[in-house]
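Here are a few notes to read alongside the model. Please keep the structure open as you go through them.

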Amino acid sequence: MPLPPPPPPAPPAPPPGPKERLYKLLVIGDLGVGKTSLIKRYVHQNFSPHYRATIGVDFALKVLSWDPETVVRLQLWDIAGQERFGNMTRVYYREAMGAFIVFDVTRPATFEAVTKWKEDLDAKLTLPSGQPVPTILLANKCDQTNEVLVNNGIKMEQFCQENGFVGWFETSAKENINIDEASRCLVRHIIASESDPVQPVEADVVKPHLNSSKPTSCSSCFRS
């Protein structure tokens, strides 16, 4: 009796899909500094001049094609400016991997509150390694003329290094300035913190060109 024919060779395995990373990011800062507007510009590419205060916390999701092998999903937590005075921030902060602290360049009091937000964040949240989460300072509303707070980039860099920020960016939700750049900087630091919790840093400075066809603004991202 003849033997049955051998089975056909198995089809080649499909190429592996992109690796997915999910990161929870906090967006915190005083009332009215533009946190919600920054998120709406970043996620939905729109801007509204009409102000509406966030109550408690709001959420948004942004998907990035980080590289050919990696998709990054960002869960952005928009936390109301008055929440620092309550007891819920510990719950809101839980499991976050990075944060933006936002102030309004036209309101010095919101800059004075930055250190209090950073202290609150560091007291309630650390990475599994015990290190503080990577945090970027956003000097928002830089399209407005009263930029007295950030006209000395060296002092801003010194402030960030002294207070544990991995970088800072001037941003504008209205003009869509530096929002994508700040996000990529933060994600880069988060990815680095996962593989190497103790990172040397090196300043990367971008000079302001507010009137150019592709506007960027003064910033510093301290890169490993």
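**Notes on the model**

1. Let's begin with a cysteine: Cys142 is buried, at a relative accessible area of 0%. Here buried means under 20% relative accessible area, exposed over 50%, and partly exposed in between (1.4 Å probe, protein chains only). Cys160 is buried too, with a relative accessible area of 0%. Across the whole structure, zero disulfides are found (pairs of cysteine sulfur atoms within 2.5 Å).

2. A word on the basis. This is a predicted model, where local features need pLDDT of at least 70 and side-chain atom pairs count only at pLDDT 80 or more, while totals for chains, interfaces and linings use all residues. Residues are numbered from 1 along each chain as its sequence is written, and side-chain values use heavy atoms, leaving out hydrogens and water.

3. Next, look inside. Helices are DSSP runs of H or I, at least four residues, and strands are runs of E, at least two, numbered from the N terminus.

4. Leaving aside neighbours within four places in sequence, Leu137 is in contact with residues including Cys160, Phe103 and Trp168; contact means heavy atoms within 4.5 Å.

5. Helix α1 (residues 35-44) is largely enclosed by the rest of the structure, because seven of its ten residues are buried. Among them are Lys35, Arg41 and Tyr42. Just after α1, Gln45 has a positive phi of about 60°.

6. Finally, Leu22 lies in strand β1 (residues 19-29) and counts as exposed, at 58% relative accessibility.
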